[in-house]
Amino acid sequence: MEWVDFFLQQLITGLSNGMIIALIAIGYTMVYGIIELINFAHGDLFMLGAFLALTVLGALGLGDWSGASAWAAVVIMLIASAGFCGLLNWGVDRLAYKPLRNASKLSLLVSAIGASFILVNLGLFWGGLPMDVFAGGVAAAAPKDFPALVPNTNLLGEESLVQFTPKDVLVWAVTVPLMMGLTWIVTRTRLGKAMRATAQNPVAARLMGIDTDRVIGATFLIGGALGGFASVIYSLYNNTISFQMGYRAGMDAFTAAVLGGIGSMPGAVTGALVIGLVRSMSDAYLETRWTNTIVFGILVLILIFRPSGLLGSRAKEKV
Amino acid sequence: MTLKTSMLAAVLALASSAGALAQSGTLKIVSSLPRTGSANAQTGTIVNGIKMAIAEVGGKIDGYEIVYEDWDDASPQRGNWDPTVEAQNANKAVTDPTIVGYIGTFNSGAAKIAMPELNKAGLVMISPANTYSGLTKPGMGEANEPTIYRPSGSINYFRVVPTDDLQGAVAAEHVGGSGAKKVFILHDRELYGKGIADVFQKRAKELGVEVAGFEGIDTKASNYKSLCQKVKFSKADAVFFGGTTQSNGGQVAKDLRSVGFTGMLVVPDGCCEEAFIQAAGASNLEGNTFVTFGGLPPAELTGRGAEFREGYRKMFGTDPEAYAVYGYEAARVLLDAIKRAPTKDRAAILKAVSSTKDFDGALGTWSFDANGDTTNRVMSINSVKDGKFVFVRRAGDAPAGGAKPE
């Protein structure tokens, strides 16, 4: 039953791609939920996370990318990139968005686009560093190979036509606990309650004694950290990074957030899984050139019939 | 003096000062290549080649100083060549009377934009890298090609690289010759990639190789796992990718191997650069990946070409990449024409370029034919070993007066 194998394979690929998109989409949706800003710099922040991971890997100087040392490197990269992206996102908010908190939403949006350009060019510069992992930095703009730390062996046996690899396991093993943790933070902790309050009504939240600036900062920190985790997972799954990768990743994640209902976290995850699956099914059963048409066609249809997205409830003015 | 005549005098004075500028001994050559974005890896070596050719004549010809400007036709937004920027470059070149030669473009799509503009102005354009056949060859592209690029009716566009119709066929012959029965063709939906894939498909069918699929990829996708699985399940024993490193050739190669496709992969010269190996990961290319190239790799160049290699190494401290020699050759043929031109103006230089015959270049001895194409047709098939391109064999026709065809 070859067609069953083929279908299962697309399901695995689609869900794994979708989970990576979901982690990035959460960053968009959290920020939108709290300050109604479409943070265009988020995709590029994610890109810088991948560059940091590769730099860390180069600094570790592992000769042999297998076994326990590889897994240790994965953990170190995850922590480093998450911390880096979290702090960077927090810094971007401080420098580029906070001064505009009371300005029009459009100024904020333009500021985000500017931040995005700065980050992209930072990535271009970073790729030119004279390190072995960047091929000596001769071609700064060229895509960089990310070492295959996670093996590509087939867990279903080498004979099986369907491939299920440790890479897929890694994607799920990192994303699912992260999402559960995030849900716990948002629904069960004091900070989460403050975040929800600020999202609902920042003025009222302030009147209740919530330090909204701190809460917004924390949101950027958490959203950025998730982008950092996503960047490492993405790099280990696709094994290529480039200073331009943030654009498409951000576009997919943003679409996922809108599809699911921007501002809603379960919505972002649902939207991302839908996009991952639609992409892989369209690539497999139709032609790749139709894939974007179909993804955005679905987005248009959903927005026509459910303007607030799949799981969105609050109908708020969009930028 | 009436107002009218004084104005006329002023205009005349302006015109003569512009004329004086052109005769003051400065001739400007510009190149328009994507210098922002990932193509920079290849265009950097082309620019080096141009600089080297100018340095070799000491930056002076017949008392005229040769000034070179390196223009970018890419924009950061696209990270690739940008139609708007290329159009601006072409206009800027046309309006600057000191510019006598335009070296470019890198992308065939960009050439389409610059060609008619420069043609109207009679400014000579020499491309070191455009390989799309329709730019010069009637009947190879759209019905209105190439006349649409020649509004003035005469030819001002020349190229020093062999075209895709030759390269795509060589790639198909390589796949057919290896005994492959079924091939899956992918392309990047750009002029160059789709063009070469079309030629490949035509030749593969002629050779009796079954075409399992012909698909354009999304060049910005994060991975091609689903598509590559489709290739694997189609039981094709070879894949041809018409595209470049910038259009994500590295990721295609990587994902083909990661889904367990073990057949032959053939890619064209747009992937013939170190950046492709870097992007794909050397281990993914080892063994069964072949790269066709419209010429010989720098290490295989002999005679004048070997001198070029040594000179380049001396001047820039690294070995030349595949395209460096084309930048060098394009600049040299232009400088040679400037030297031969009786007067140093655009028309005379254009005439001198078009009459280039039996040019003793780094690529062999060659001429420009009636379409503006080089008569040099030497191609090579390369593979990857230990992270480096290695020459496998020579293919295609021999250049005029060169070595024997295979």
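Domain bounds here come from an automatic or database domain assignment. With that in hand, chain B of this predicted model splits into domain 1 (25-162 + 302-375) and domain 2 (164-293 + 379-396), and the C-alpha centres of the two domains sit 28 Å apart. Chain B also touches chain A, with 31 residues from chain B and 31 residues from chain A taking part.

**Overall build of chain B**

- DSSP runs give chain B 13 helices and 17 strands.
- With 406 residues, chain B has a radius of gyration of 22 Å, close to the 22 Å from the globule rule, so it is as compact as a globular protein of that length.
- Along the principal axes, the C-alpha atoms of chain B fill a box of roughly 85 × 45 × 35 Å.
- Some 57% of the 406 residues of chain B count as buried.
- If you take the contacts in chain B between residues at least 6 apart in sequence, 74% of them join residues at least 24 apart.

**The six-stranded sheet**

- Chain B has an open sheet of six strands, ordered 2-3-1-6-7-8, with mixed pairing.
- Strand 6 (residues 99-104) and strand 7 (residues 124-127) of chain B run parallel and are joined by three bridges.
- Tyr102(B) has Met125(B), in strand 7 of chain B, as its bridge partner.
- Helix 3 (residues 83-95) of chain B lies across strand 1 (26-33), strand 3 (64-72) and strand 6 of chain B, and runs at about 170° to strand 1.

- The contact involves 16 residues of domain 1 of chain B and 17 residues of domain 2 of chain B.
- On the domain 1 side, helix 2 (40-56) and helix 4 (108-121) of chain B each put in at least two residues.
- That side of domain 1 of chain B has six nonpolar, nine polar and one charged residues.

**Where chain B meets chain A**

- Helix 2, strand 10 (210-216), helix 7 (225-233), helix 8 (249-258) and helix 9 (274-280) of chain B each bring at least two residues to the side touching chain A.
- Helix 7 of chain B gives the largest share of that side, six residues.
- By class, the side of chain B that touches chain A has eight nonpolar, 16 polar and seven charged residues.

Key
Residues numbered from 1 in each chain as written. Chains lettered and ligands numbered in written order. Predicted model: local features only at pLDDT ≥ 70, side-chain atom pairs only at ≥ 80, totals over all residues. Pairing = 2+ DSSP bridges. Helix = DSSP H or I, 4+ residues; strand = E, 2+ residues; numbered from the N terminus. Contact = placed C-beta atoms within 7 Å. Axes fitted to C-alpha atoms, helices over the stretch in contact; angles between N-to-C directions. Nonpolar A, V, L, I, M, F, W, Y, C, P; charged D, E, K, R; others polar. Rg over C-alpha atoms; globule rule 2.2 N^0.38 Å. Buried ≥ 20, exposed ≤ 12 C-beta atoms within 10 Å, placed from the backbone.
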